[in-house]
Structures are given as C-alpha cells and as structure tokens.
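This report looks at how one protein chain is packed inside.

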Amino acid sequence: MSDTPFGFGLPPEEPEDGDKGKKGGQGGPGNPFGFGPGGLPGGLPGGADNPFAAMFGSMNPGDLGAAFQQLGQMLSYEGGPVNWDMAKDIARQTVAQGTADGVKDASVGVAEKSAVEEAVRLADLWLDGVTSLPSGANAAVAWSRAEWVEATLPVWKELVDPVAERVGAAMGSVLPEEMQAMAGPLLGMMRSMGGAMFGQQIGQAVGVLAGEVVGSTDIGLPLGPSGRAALLPLNIESFGKDLGVPSDEVRLYLALREAAHARLFAHVPWLRSHLFGAVEGYARGIKVDTSKLEDVVGRLDPSNPEQLQEALQGGMFQPQDTPEQKAALARLETALALVEGWVDAVVHEAAKPRLASADAMRETMRRRRASGGPAEQTFATLIGLELRPRRLRDASRLWASLTDARGVDGRDGLWEHPDMLPTASDLDDPDGFVHREQLDFSEIDKMLGEAAEKRDQGEGDEKK
C-alpha cells in the first residue's frame with residue numbers, strides 16, 4: 001500500500017521560472033494536502049506552508065481580485081467529494097506548462113494521425129492470428145496531452161470519488177449528532193476545502209501524467225472511451241528517444257499493446273466492473289482514526305483558517321490498514337497481473353516473428369510496469385492504490401503455458417467467467433492449473449437459461 005494513501009502525496013515540481021525555482025509543496029502525513037510553495041491552483045506564489053499566504057503573499061494588487069475569486073470558489077464549492085472543475089483546470093494548466101524536459105504540448109498533425117491509424121490497423125491484423133478475441137477498437141485516435149486529460153477525467157472521477165467520499169464521511173461522523181448542527185458551517189467549510197484540495201492534487205497529478213503516458217491503458221485500466229485505441233504521438237517520441245529502436249517499431253509495439261487491451265475490455269464484459277469493484281471495495285474498507293479527528297475538530301476555530309490548515313498538515317486523515325482493504329487490494333493485484341500477463345503474452349507472440357526489437361521492447365515495458373512506472377506512481381498518489389502487476393511475469397508464463405497446452409481458443413475461453421480465471425495461488429503453481437480440468441461455465445449458463453425458459457413457460461400456461 002502506498003505511503004500517501006489519500007492522494008496527498010508529492011505534487012510535481014514547478015517550472016523553473018515559477019515561484020523562483022522552488023519545488024511544489026510536499027504531501028504525506030506531515031502535509032496531507034500537498035500544499036506548500038506554489039502548491040495552489042494556478043501556481044500562485046507565496047507562503048511556504050500556508051495556502052492562504054500562498055494566495056495573498058507577494059502579490060501585486062492586480063492579482064488580488066483573482067486570488068479572492070479562487071478562495072471564494074474553494075469555500076463555496078458544494079458538489080461531490082472532489083472539485084472536478086478545479087481538477088480539470090489545473091490539469092490543463094499543468095499540461096500547458098510543458099514537461100520537465102521543456103517539451104510543450106502540441107496539436108496532433110495529419111501525418112501523425114495517419115501513422116497511428118496505420119499502426120493500430122496493422123496491430124489488429126497481427127493480433128487476429130494470436131487471439132480468438134476479435135478487434136475491440138472501432139476507431140484509432142491520436143491524442144495530444146490536453147485531449148488525453150479531457151478524455152480520461154470521467155474515469156478518474158469514477159476511480160477517485162469512492163475514496164474521497166469515505167474521507168468526507170469520516171469528517172462528518174466524528175461529532176455527536178447534537179453538535180453537528182452547531183458545527184455545520186465549520187464542517188461545510190472543511191468539506192468545501194477538502195473538495196478543492198483533492199481537486200488541486202488530482203489536477204496536478206493527472207496533468208503531469210498526461211506528459212508521460214503513451215496511450216489510454218498504461219495502468220492496465222481502460223481510461224479512455226470504449227471502442228477507441230488511443231496513442232499519444234508526442235509522448236511516444238519521448239518514450240522511444242533513448243531506446244535505440246526505430247520510431248515506427250516503437251509506435252507499432254505500443255499499438256499492439258493498446259489494441260490487445262481494447263480487445264480484452266471490449267469482449268470480456270464483466271472485467272471492467274470487476275477491476276473497478278475492487279477499487280470500491282478498497283474504499284469501503286478505509287478506516288480513519290476518529291479519535292484523532294474528534295480531538296482536532298473539537299479544537300478548531302472556524303474563523304481561523306490557518307488553524308484548519310495546521311490540522312490538515314498534522315495528518316488528521318491518517319488511515320488504518322484493514323482486512324477489507326488488504327483483501328480488495330489482493331483481488332485487484334491478481335486481476336491486474338492476469339490482464340497485463342495476457343497482454344504481454346499475446347503481444348509478444350504477435351511481435352516476435354515480425355519485429356527485431358520485440359524482446360527489447362517487451363523487457364522495457366515489463367520493467368516500466370513492474371517497477372512502478374509514472375502511471376502507477378501517480379495513481380498511488382491519487383487514491384493510495386499501487387496499480388502494479390507485481391506478478392506480471394508469473395502471469396505471462398501461465399498464459400503462454402495455457403496456449404501450448406490448450407491452444408488459443410482454450411486459453412482465451414477462460415475469460416468467459418471470472419471463476420474460470422487463475423487465482424493468486426495458481427500463479428504459484430502454473431503447471432497444476434494448466435493441466436487441471438476446467439468447468440465449462442458456458443454449458444452451465446445454457447442449462448440455467450433453458451431451466452428459466454421452462455419455468456416462465458409453465459407460469460404462463462398456469463395463468464391461461
């Protein structure tokens with residue numbers, strides 16, 4: 001589990017010309033909301049540890065109105081647990097600043113769009129020969145970084161809101177019922193600021209991530225719209241710069257991975273809800289030290305915003321590990337390993353005979369995923385989950401063994417039902433799983449369906 005469990009980890013570094021070269025505020029238990037120098041929406045300069053000082057300190061009169069407007073937005077927010085409007089604005093601002101290496105976002109040109117479309121088309125053709133799952137990409141799209149932000153924010157909302165909601169619920173439950181009415185304005189202000197602070201942190205993280213991802217499935221989850229295989233030409237160029245591999249091969253290999261993920265999520269209808277359900281299960285298992293919250297909230301003065309900030313920096317949302325969280329995390333890690341292992345095995349089978357760089361690209365992607373690449377690290381910062389397929393290599397070997405033992409159809413047929421898939425213990429004994437007799441759930445479903453039809457028919461005859 002991440003050490004920054006509620007999304008309050010290290011914000012990205014500010015650009016060199018912002019805030020006189022200082023770094024963004026640090027998160028973690030000592031500063032859970034990531035506020036520090038330049039840690040506010042818009043990167044306003046100011047006090048090192050106080051967001052209000054950061055808004056109003058060292059500011060010329062012309063900027064003061066905008067700062068008051070931002071503060072008003074923070075305190076007047078009445079939406080869900082995360083201020084997603086703020087998150088979107090900050091993500092777009094972060095993208096506009098460019099990456100640390102000075103590369104600015106740019107619109108995708110006609111030639112780049114054509115190259116991506118051709119790569120995905122060829123990738124799908126190659127995959128046809130190594131998997132029984134048909135193409136899942138109705139369209140191939142080439143995104144700029146800003147377009148990636150726009151397209152993926154709805155899914156980030158679905159992933160992050162359950163955890164943020166649990167934090168908000170903990171805030172409202174620490175006072176006795178008769179005191180909650182009296183403390184209503186204070187709790188309302190805290191919820192508004194909590195939503196804004198979540199939005200600020202998430203916006204920065206997603207904006208930085210937009211400068212690093214190469215497609216819509218980097219973290220093993222479908223972040224983009226269904227039926228679209230998406231690649232980011234600008235980031236692919238940066239990714240392949242030091243690999244010593246021709247750019248067209250890099251693009252094609254990444255297109256194979258994107259198209260393979262698209263097939264899996266398009267034709268295994270239960271898979272998306274299975275993965276997202278594990279995230280929600282993790283959120284339901286979150287426990288907050290309410291005794292500490294009671295003590296902190298009981299001593300807060302709503303007229304003293306600096307005191308609230310000090311409480312937030314004191315780690316008032318420090319979580320407690322629970323069995324429910326650990327179980328949900330184990331389910332998620334196993335499912336991610338199976339997804340990434342299948343993609344790894346299928347893509348290698350398609351690429352090996354055709355790309356000289358297949359082995360090198362495979363190892364690069366394995367290390368990027370298993371060591372906690374930028375996508376995984378950002379997600380861990382956002383909601384405390386490490387989307388790291390720790391057993392990717394074990395899962396890949398198991399899928400390859402299944403191909404040898406049962407053929408492509410027998411291997412891919414296991415995705416028909418979640419109970420047919422290997423478990424974590426099966427990854428310890430792949431040979432035992434490969435040669436074990438498998439239940440045919442399709443036949444069971446057929447029998448249940450026929451029984452239901454007969455029952456309905458009998459009920460209809462009785463009514464007559």
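Helix α9 gives the largest share of the lining of the second largest cavity, 4 residues. Helices here are DSSP runs (H or I, at least four residues), numbered from the N terminus. A cavity is a set of points on a 1 Å grid over the protein atoms alone where a 1.4 Å probe fits but cannot get out, and lining residues have an atom within 4 Å of a point. The model is predicted: local features need pLDDT of at least 70, side-chain atom pairs count only at pLDDT 80 or more, and totals for chains, interfaces and linings use all residues. Residues are numbered from 1 along each chain as its sequence is written, and side-chain values use heavy atoms, without hydrogens and water.

The volume of this second largest cavity is about 90 Å³. Among its lining residues are L254, R257, E258, H261 and R369. Both α9 and α14 (358-370) supply at least two residues of the lining.

| Class of lining residue | Count |
|---|---|
| nonpolar | 3 residues |
| polar | 3 residues |

Ala, Val, Leu, Ile, Met, Phe, Trp, Tyr, Cys and Pro count as nonpolar, Asp, Glu, Lys and Arg as charged, and the others, Gly among them, as polar.

Of the 21 residues of α9, 16 are buried, that is, under 20% relative accessible area with a 1.4 Å probe and protein chains only.

The largest nonpolar core has 92 residues. Such a core is a set of buried Ala, Val, Leu, Ile, Met, Phe, Trp, Tyr and Cys residues joined through side-chain atoms within 4.5 Å. Helix α13 (residues 323-351) gives the most to this core, 13 residues.

Conventions. Buried < 20%, exposed > 50% of the residue type's maximum accessible area, 1.4 Å probe, protein only. 1 Å grid on protein atoms, 1.4 Å probe; cavity = no way out; pocket = protein on both sides within 12 Å on 5 of 7 lines; lining within 4 Å. Points joined across faces, edges and corners; volume = space filled by probe spheres on them.
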